[in-house]
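Subject: Structure handed over, with notes on what was found

Dear colleague,

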Amino acid sequence: MVPLRSLRGLILCCAVAFVPGVHAEARVVGGQAPGFYRIMVGEFEVTALSDGTNPMPATRLLNGDPGKVATLLRENFLGERVETSHNSYLINTGKKLVLIDAGAGALLGPQTGDLLHNLRAAGYRPEQVDEVYVTHLHPDHVGGLVTDGKRTFSNAIVRLDKREMEFWLSEAKMHAAPEATKRFFEGAMVSLRPYVAAQKMKPFNGSVPLIPGITSQSLYGHTPGHTGFSIESNGEKLLLWGDVIHVAAVQFEDPAVTIAYDVDAGSARGERRRMLADAAQQGYLIGGAHVPFPGIGHVRTDGDGRFTFLPVIYMSLKLPR
């Protein structure tokens, strides 16, 4: 016969042994949550959508003092290759659903091309998009316009600056371009061709109102027709400025640094300085295609032509019940 004290000890040991999860080994899940983030600009709902990230050889592509660039990267705990965000923005005005930039689609490899997944995760469908506004025709901004050669946004009109369209859709300019640049022309042509064929292209000239609350803003330099889009509602403003900044850790601190992708580096530098100063002085929000996701925040001037980016603080958005 087992003594009562021993029996109690045996029962306790068995109970501990069978407590759920005490000895379980959890599998590493991997991956991120769906990449979308919402803010309100007045009465407009703005949803930042991630198309993914990829590593960019910053020290090779940035044109500035190599020692200073390396120091700024190091001070921001970054190396020679910087994981770069690719951000698009969906604006719901209540009457129109407008997408700013369409992501890379299949043009940049497996680490990008997540726009549609994240758009659906955010509660929308591609056929609901009324208009797509393109900041410029580099592959990471237009590749997502097509899926298997067909229009991804079947009901949308595509709008972009006329200068941008005439430059990148020119066969003559493509043939005259350096070999390494030809892929930019090819990507633009493939991405826009189905919309041109369907008469779903509507270029604009310079800084003009597009729909109530959204105005194009010419930021020429990075490309011939590089454009930002100003979102304004109830006295609040968000400027979606495309590729004014590529590497935030470097170019806010030193706006003179350009990047190899600039078609006109001098003009791109001038626009960057102008927009940083204006955003800092006026206090409106900015959204950058390559500023770390969601890429939305304020700009503060630190004097002597230096600036700091202040990202928005996470906040809950709940519909009235």
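Predicted model: local features only at pLDDT ≥ 70, side-chain atom pairs only at ≥ 80, totals over all residues.

The protein as a whole has 10 helices and 17 strands, and its C-alpha atoms fill a box of roughly 100 × 50 × 45 Å along the principal axes. Of the 321 residues in the protein, 47% are buried. Among contacts between residues at least 6 apart in sequence, 67% join residues that are at least 24 apart.

An open sheet is formed by six strands in the order 1-2-4-5-6-9, with mixed pairing. Its edge strands are strand 1 (36–41) and strand 9 (157–159), each of which pairs on one side only. On average, and with direction ignored, neighbouring strands of this sheet are turned by 25 degrees against each other.

Within this sheet, strand 1 and strand 2 (residues 44–57) run antiparallel and are joined by six bridges, and Tyr 37 stands opposite Ala 48 in strand 2. These two strands form a hairpin with two residues between them, in which Gly 42 takes a positive phi near 60 degrees. A parallel pairing is found between strand 5 (residues 97–100) and strand 6 (residues 131–133), over three bridges, and here Ile 100 stands opposite Tyr 133 in strand 6.

Which residues of strand 1 belong to its covered face, and which to its uncovered one? In strand 1 the covered face holds Tyr 37, Ile 39 and Val 41, whereas the uncovered face holds Phe 36, Arg 38 and Met 40. Arg 120 lies in helix 4 (residues 115–121) and, at 49% relative accessibility, counts as partly exposed.

Helix 3

Which residues of helix 3 are buried? In this helix, which covers residues 66–75, they are Val 69, Leu 72 and Leu 73. Seen down the axis of helix 3, the buried residues fall within an arc of 100 degrees, so they line one face of the helix. The background to this is that an α-helix has 3.6 residues a turn, so residues three or four places apart point the same way. The buried residues of helix 3 pack against helix 2 (58–61), strand 3 (62–63), strand 4 (81–92) and helix 9 (248–251). On the other side of helix 3, Arg 74 and Glu 75 are exposed. After the helix comes Phe 77, whose phi is positive, near 60 degrees.

Salt bridges

Side chains of opposite charge can pair when their charged atoms come close. With a cut-off of 4 Å between a side-chain nitrogen of Lys or Arg and a carboxyl oxygen of Asp or Glu, the count comes to eight salt bridges.

One of them joins Arg 306 to Glu 253, with the closest N and O atoms 3.9 Å apart. Arg 306 lies in strand 17 (residues 306–311) and Glu 253 in the loop between helix 9 and strand 14 (258–259), so the pair ties together parts that are 53 residues apart in sequence. Arg 306 is partly exposed, with a relative accessible area of 28%, and Glu 253 is partly exposed at 25%.

Another salt bridge links Glu 179 with Lys 182, where the closest N and O atoms are 3.8 Å apart.

With kind regards

Key
Residues numbered from 1 in each chain as written. Heavy atoms only, no water. Buried < 20%, exposed > 50% of the residue type's maximum accessible area, 1.4 Å probe, protein only. Helix = DSSP H or I, 4+ residues; strand = E, 2+ residues; numbered from the N terminus. Arc of directions from axis to C-beta. Contact = heavy atoms within 4.5 Å. Pairing = 2+ DSSP bridges. Axes fitted to C-alpha atoms, helices over the stretch in contact; angles between N-to-C directions.
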